[in-house]
Amino acid sequence: MGYKVQNVSFNQANGTTTLRNISLSIETGECIAIIGPSGSGKTTLLNVLSTALKPATGSIEYNGNNPWLIPKSALKKIRAAIGTVHQSPPIPSQQRVITAILAGRLGQWSLLKSVISLIYPLDLLGPHACLQRLQLEDRLFERCDRLSGGQLQRVGVARVLYQAPQLLLADEPVSAMDPVLSDVVIGQLIEETTSRDATLIASLHAVDIALRWFPRIVGIKNGEIAFDLPSTEVNETMLKELYASEMGNLPMQAAIAA
Amino acid sequence: MSTTLNSKIAKQFCLKCLAILCFLIGLSIWSFVYLGLNPFRFFSNYSESSIAPFFARFFPPDLSSTFLLKIGSGILETLSISAIATLLASIISLGLALPNAGKFGPYGKSITRFLCNFLRSVPELVWATIMVLAVGLGPFAGTLALTLHTAGVLGRLFGETLENYPEKNTIALVNIGSGKVAAFIYGTLPGIFPQLLSYSLYRWEMNIRMATILGFVGAGGLGQMLFYELSLLREPKALSIIIAMLFLVILIDALSNKLRLTQRHSMG
Amino acid sequence: MSGNSYISDPARNHRLGFIVVALVVLWPMLELAQFKPWLLLRPENIEVLGNFLIQFFPPNIDIDFLKIVLHATIETLAIATAGTTLAILIAVPLGLIISHSLSISRIGPGSNYLLSKFIRLVARFLMLFLRGIPEIVWALLLVRVFGLGPTAGVLAIGITYGGMLSKVYSEILESANTLPARALLVSGSGRLTAFLYGLLPGTAQELASYTVYRWECAIRASVVAGFVGAGGLGQLMDQSMKMLNGGEASTILVVFFILVLLADYVSLLIRKQLG
């Protein structure tokens with residue numbers, strides 16, 4: 001059981017290659033952090049894993065199935081079990097938080113239920129509980145354009161929590177949050193994953209968060225995998241080399257007293 | 001060197017403007033000449049001898065309570081025709097907007113564009129004449145006519161709005177397994193809804209005026225009443241109806257201004 | 001996940017109320033509009049409509065008739081252009097009077113304050129009166145005065161569109177950046193020169209764009225005016241429909257379609273040039 005990425009490459013529309021020959025093997029239940037400098041291909045890799053982008057070469061496999069070779073209805077089912085936390089949540093600005101979260105289960109609901117929920121939300125406790133875990137429950141009925149950047153990101157996380165997928169992908173999910181909040185959110189993502197034996201792959205900009213929370217670290221540079229190691233084996237030289245383009249400064253959240 | 005260059009460019013630009021302006025003025029003058037109209041003779045030829053007594057026959061307007069009640073029901077009929085037509089047309093246009101924005105491929109777009117152009121190029125009055133033939137005299141014909149024409153107008157406007165709206169919200173929902181329709185109503189519709197509502201309300205305002213006009217071919221509302229009274233040469237009653245039309249327009253004007261100031265529409 | 005016991009959607013009552021009101025209002029409206037879609041399916045109605053529509057094919061392409069249609073089309077275009085010109089001539093002074101941005105008296109109270117306010121009120125009322133009455137009503141009345149023919153149509157369009165243009169002109173002028181114009185007014189410029197130098201440059205494109213759009217509408221309005229005898233394609237169409245001559249009617253409809261597409265295209269060109 002697991003996810004396989006084999007020799008995947010991806011090219012942007014303007015011709016630049018963002019992923020070169022990436023191969024990864026992921027077991028169900030793992031928590032992996034992807035780190036690397038800006039523009040290294042972290043977001044593209046996550047998009048390929050979420051079936052948002054089709055690889056130019058190579059293949060991906062979910063439990064032995066290639067999602068690009070199966071009928072549309074089966075792909076829909078697979079997608080309903082993959083949740084993505086976007087760095088900039090794709091939520092219409094006038095939408096209320098409750099509806100934005102309910103949208104997480106659109107892949108599992110019938111059309112009738114979806115339409116009714118738009119006008120009269122059919123489940124209020126579920127989204128409320130998700131927001132509670134992220135300390136945002138008092139904003140349940142707020143419009144999304146009234147929220148700060150960090151609050152909006154938490155709504156995006158809440159949507160994925162509500163979806164309860166088997167594969168959680170997170171693209172820089174705490175980039176707009178302060179250190180305390182970042183810890184809460186990452187902690188919730190990991191707890192959600194381990195409690196349901198799901199899989200979590202998160203791209204992170206702050207190296208210390210990655211090292212602190214994730215047992216396996218994948219470093220990406222220029223679209224290629226630089227290293228793929230347990231976090232205990234990652235040392236400072238590797239990190240400095242990874243971030244060489246950023247003048248060797250390792251991006252960190254502020255250190256927190258334990 | 002630079003000053004001569006600049007004045008050359010400036011002259012060229014002005015020349016183009018001037019040319020267009022001259023062309024337009026020439027076109028306007030030609031149109032008057034072609035029609036054989038001399039605007040300065042409007043008032044000398046047909047002056048006080050015929051205009052004044054004609055308009056004098058309209059005063060005083062008939063304000064009897066029975067007639068005012070009739071006018072009242074005429075107003076309600078006009079409002080109903082326009083409201084239902086606009087509502088129906090909006091719903092139809094929402095469906096038309098998707099192919100119009102290219103969501104069903106280039107063929108869908110061309111067909112829908114053609115359909116919308118056809119619907120809106122035929123004047124409402126012509127639609128009304130045809131509808132009167134189809135369902136008889138009365139407000140239903142007017143409603144159908146307005147619905148058809150407005151669907152063409154709104155179909156195109158809705159399509160343009162949809163085309164200009166970024167797709168990333170809807171795509172994100174499709175990527176978590178949502179059906180296309182649900183993804184649309186959760187991801188795109190809330191974003192475009194205020195603009196669509198604005199167009200619909202504006203169109204309703206215009207349709208109220210249109211609904212009065214359609215009455216001239218027997219499609220109900222104040223227009224039918226006016227035409228009737230005028231053909232019986234009952235000018236005072238006609239003036240009452242005209243005043244009612246004015247009143248309606250002023251009211252709708254004020255209401256739509258108020259509504260525009262408090263635009264806080266949200267869906268979901 | 002059921003039983004939303006202690007959390008309730010604050011928008012729920014609001015939305016429920018809205019739905020109830022909408023339904024309560026919708027029902028009588030459907031009655032008043034005599035909305036009976038099943039009438040469309042009644043056999044006798046379908047037959048009459050069917051017979052009429054069948055006559056639409058083929059459209060009448062008899063050379064003599066086409067010549068008449070061509071004349072009528074040019075006449076319609078001429079009515080629309082002349083009417084729009086008249087409308088511009090009315091709207092420019094009216095719009096200027098109404099536009100607050102140029103109000104000298106607003107900068108400071110002068111002896112003319114009440115007078116100019118009064119004039120502005122009169123102008124506002126005039127504008128409402130001109131555009132509040134539908135063009136067909138004007139056309140009908142003017143046909144009684146000037147007889148059948150294009151005069152009534154041109155005047156009707158000129159009057160109503162003058163009202164509409166003046167409203168939109170004043171709105172465009174008021175929502176434009178008024179600082180340059182005000183600066184000129186404060187330094188003693190007259191109202192007209194302040195307009196020409198301060199306001200016109202920035203708003204010219206929007207003003208022209210709307211005027212061209214109105215010209216496009218004027219073409220349709222002149223067709224409508226034709227239905228009450230004001231000449232052009234409308235009068236022709238009215239005659240054809242009255243004689244239930246589907247072939248002629250469909251030819252004219254095709255001409256409408258082409259005309260509107262052309263006008264669309266031309267107005268797009270002009271607006272691009274002005275940009």
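The model is predicted, so to speak of local features a pLDDT of at least 70 is needed, side-chain atom pairs count only at pLDDT 80 or more, and totals for chains, interfaces and linings use all residues. Residues are numbered from 1 along each chain as its sequence is written, while chains are lettered from A and ligands numbered from 1 in the order in which they are written. Chain A holds 9 helices and 9 strands, whereas chain B has 12 helices and 0 strands. Helices (H or I, at least four residues) and strands (E, at least two) are DSSP runs, numbered from the N terminus.

**Chain A as a whole**

- The radius of gyration of chain A is 18 Å, which agrees with the value near 18 Å for a compact globule of 258 residues; this radius is taken over C-alpha atoms, and the globule rule is 2.2 Å times the number of residues to the power 0.38.
- Along the principal axes, the C-alpha atoms of chain A fill a box of roughly 55 × 50 × 35 Å.
- Of the 258 residues in chain A, 44% are buried. A residue is buried if 20 or more other C-beta atoms lie within 10 Å of its own, exposed if 12 or fewer, and partly exposed in between, with C-beta atoms placed from the backbone.
- Among contacts in chain A with a separation of 6 or more, 69% are between residues 24 or more positions apart. Two residues are in contact if their C-beta atoms, placed from the backbone, lie within 7 Å.

- Strand E6 (residues 167–171) of chain A has 5 of its 5 residues buried, so it is largely enclosed by the rest of the structure.
- Leu167(A), Leu169(A) and Asp171(A) point one way from E6(A), while Leu168(A) and Ala170(A) point the other way.
- E6(A) pairs with strand E5 (residues 82–85) of chain A in the parallel sense over 4 bridges, and Ile82(A) stands opposite Leu167(A). Two strands pair if DSSP finds at least two bridges between them.
- E6(A) also runs parallel to strand E7 (residues 199–204) of chain A, joined by 5 bridges; there, Thr199(A) is the bridge partner of Leu167(A).

**Helix H7, between the strands**

- Together, E6(A), helix H7 (residues 179–195) of chain A and E7(A) make a right-handed β-α-β unit. Right-handed means that, with the strands pointing away from the viewer, the path from the first strand over the helix to the second runs clockwise.
- The buried residues of H7(A) include Ser182(A), Val185(A), Ile186(A) and Leu189(A). Seen down the axis of H7(A), its buried residues fall within an arc of 120 degrees, so they line one face of the helix; the arc is that of the directions from the helix axis to the C-beta atoms.
- The face turned away from the buried side of H7(A) carries exposed residues, among them Val180(A), Gly187(A) and Glu191(A).
- Just after H7(A), Asp197(A) takes a positive phi of about 55 degrees.

**Chain B**

- In chain B, 46% of the 268 residues are buried.
- Gln224(B) lies in helix H11 (residues 221–231) of chain B and counts as buried, with 23 C-beta neighbours inside 10 Å.
- Leaving aside residues up to four places away in sequence, Gln224(B) touches Gly215(B), Gly218(B) and Ala219(B).
- The C-alpha atoms of Gln224(B) and Leu137(B) are separated by 9.9 Å, although these residues are 87 residues apart along the chain.
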